[in-house]
Each structure stands twice: as structure tokens, then as C-alpha cells.
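Have the viewer open as you read.

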Amino acid sequence: MRHNSSFVMGAVLATAGLLTACASGEGTSAAPSGTSAPATSTPAGSPSVTAVPAAPSTAPASAAPTRSTTAAPAKPTTRAKVTSDLSGLRITGIKTGKSVLIDVAGDGVDRFLQAGQGEVDFTGTDRTDSTMMAIYPAPVEAKNRVVIKPPFWNEEVGGGYCVADTAGAALKLENCQDGKASQVWRVDLAGDSGLFELHGAYGVIGVKNGRITASGDGDKGLQVLPYAP
């Protein structure tokens with residue numbers, strides 16, 4: 001009977017130790033050394049978190065389509081032809097474009113400006129085609145500037161011929177060229193009698209015995225007379 005009692009007692013003690021060990025280690029399981037703990041996974045049934053997408057950028061409003069327009073070409077501007085103002089010469093009786101005689105006023109005889117084939121001088125003594133002159137405003141801005149065109153030499157189509165000054169005594173005929181200095185004459189009033197002087201590119205016109213002088217000496221006062229008597 002002593003043997004059986006001891007055996008039962010030992011079994012009871014062994015069972016009690018086993019229960020104590022289980023109670024102290026419940027729910028704690030040591031991770032094996034050198035092994036990382038597994039990442040905690042989202043428990044089943046938990047809602048997945050979805051990132052809120054960024055608000056779409058507002059695209060700029062499209063500009064209203066414009067119709068391609070081509071600017072109309074600018075109209076070429078027509079520049080008015082420049083001409084000298086002759087309003088200050090009314091006292092002389094100069095009327096532009098009219099057939100006149102240009103006469104030396106102070107010598108008491110008829111000495112008309114006369115155009116020939118070679119030269120122009122005050123040798124005319126009668127109303128002829130060669131002494132018929134016409135005075136026009138010069139194509140320059142300065143006042144009281146004229147060109148002299150003998151109508152007989154200007155019947156053909158073209159620029160015609162103009163009386164031009166020279167460095168010598170007699171004048172000459174040249175093909176007209178707008179603004180050419182030798183063909184532009186300045187008309188200066190000689191007092192209030194209607195007489196005037198002609199100043200060319202080489203000086204004032206002076207006349208002795210029907211000839212123009214290179215120095216400008218002689219009679220300088222000139223006048224216009226109607227071509228038709």
C-alpha cells in the first residue's frame with residue numbers, strides 16, 4: 001500500500017507542475033533568434049485605405065478661334081508735285097504758261113530774249129517763234145522760282161526744253177530736268193514798277209547791247225510783254 005500511495009502522489013505533483021508551466025507561458029511565443037517578426041497584415045474585414053486622387057488641374061479655357069485676316073495692302077500715297085509759290089510776283093504781270101516776251105526795260109529799244117539753235121540771248125527785235133517764251137513755277141519749294149520754256153521748242157511730246165544759265169555770257173537750251181539748278185531762275189522785284197531781275201545759278205542777268213554779260217554788268221531790269229500785240 002506504501003508503494004501505490006507514493007506513485008499516486010508523484011503523479012499528482014507532476015501534473016501540477018505541468019499546469020503551472022502552461023499557465024505562465026500562454027500567449028507568449030518567443031520569436032526565433034535571427035528571424036524578423038513578420039509584418040503585421042491588415043486584419044481580415046478591415047476596409048482597405050485607398051489614396052484620394054489629386055484633383056484634376058483645371059485646363060485653361062480655350063481661346064475662341066479667331067479667323068485669320070490679311071490686312072489690305074496700303075494704298076500707295078501719291079505725293080503732290082512741289083511747285084514754287086509765285087504769288088509775290090503779281091506786280092510783274094507774269095502769268096504762268098502764257099506766251100510772253102521777256103524784254104530789257106531800260107535801253108529804250110526792243111531787246112527780247114531769243115532762243116536759237118546754239119544759244120539764248122537778248123538779240124530778238126520782233127515777235128517770232130524764237131522770241132516767244134512761257135514762264136512756269138519751278139518744281140522747288142522756294143518762293144519766286146521759275147523755269148522758262150520757249151513754246152516753239154516744246155511742241156513735241158516729252159519734257160521739252162528749258163532756258164539754262166551758264167558760267168559764260170550767253171544762256172542755252174537744255175532738256176528740262178526737274179529741279180536742275182541751271183534751269184531754275186529766281187525772280188527778284190526791281191522796285192514797285194513791275195520790273196524784275198533774273199538770278200540764275202551763276203548770278204544776275206545783265207545786258208549790254210543785246211548781249212548778256214558774264215559779269216552781270218549792264219541793264220538788269222526786265223519786263224514781260226504780251227506776245228500777241
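A search of the whole structure turns up zero aromatic pairs. For that search, rings of Phe, Tyr and Trp (its six-membered ring) pair if their centres lie within 6.5 Å, with planes under 30 degrees apart called stacked, over 60 edge-to-face and the rest tilted. A ring does turn up in another kind of arrangement, though: the charged end of Lys149 sits over the ring of Tyr136, 5.4 Å from its centre. The test here is that NZ of Lys or CZ of Arg is within 6 Å of the ring centre and within 35 degrees of the ring normal.

Before going further, a word on the ground rules. This is a predicted model, so local features need pLDDT of at least 70 and side-chain atom pairs count only at pLDDT 80 or more, while totals for chains, interfaces and linings use all residues. Residues are numbered from 1 along each chain as its sequence is written, and side-chain values use heavy atoms, with hydrogens and water left out.

Now the fold. Of the 229 residues, 26% count as buried; buried means under 20% relative accessible area, exposed over 50%, and partly exposed in between (1.4 Å probe, protein chains only). The protein exposes about 15,700 Å², with carbon and sulfur atoms supplying 55% of it; that area comes from the Shrake-Rupley method with a 1.4 Å probe. Among contacts (heavy atoms within 4.5 Å) with a separation of 6 or more, residues 24 or more positions apart account for 52%.

Where is Ala134, and is it buried or exposed? Ala134 lies in strand β4 and is buried, with a relative accessible area of 1%. Leaving aside residues up to four places away in sequence, Ala134 touches Gly97, Lys98, Val147, Ile148, Lys149 and Pro151.

The largest one holds about 190 Å³ of space, and of its 16 lining residues, Lys81, Pro139, Val147, Lys149 and Asp178 are the closest to its centre. Strands β4 (133-137) and β5 (145-149) each supply at least two residues of the lining. On a 1 Å grid over the protein atoms alone, a pocket is an open set of points where a 1.4 Å probe fits, with protein on both sides within 12 Å along at least five of seven lines; lining residues have an atom within 4 Å of a point.

The loop between β4 and β5 holds Asn144, which has a positive phi of about 60 degrees although it is not a glycine. Most residues other than glycine have a negative phi. Asn209 also has a positive phi, of about 55 degrees; Asn209 lies in the loop between β11 (207-208) and β12 (211-212) and is exposed, at 70% relative accessible area.

Finish at Arg211 in strand β12. Arg211 is partly exposed, at 43%, and touches Glu119, Asp121, Thr123 and Gly206, not counting residues up to four places away in sequence.

Methods. Grid points are joined across faces, edges and corners, and a volume is the space filled by probe spheres set on the points. Helices (H or I, at least four residues) and strands (E, at least two) are DSSP runs, numbered from the N terminus.
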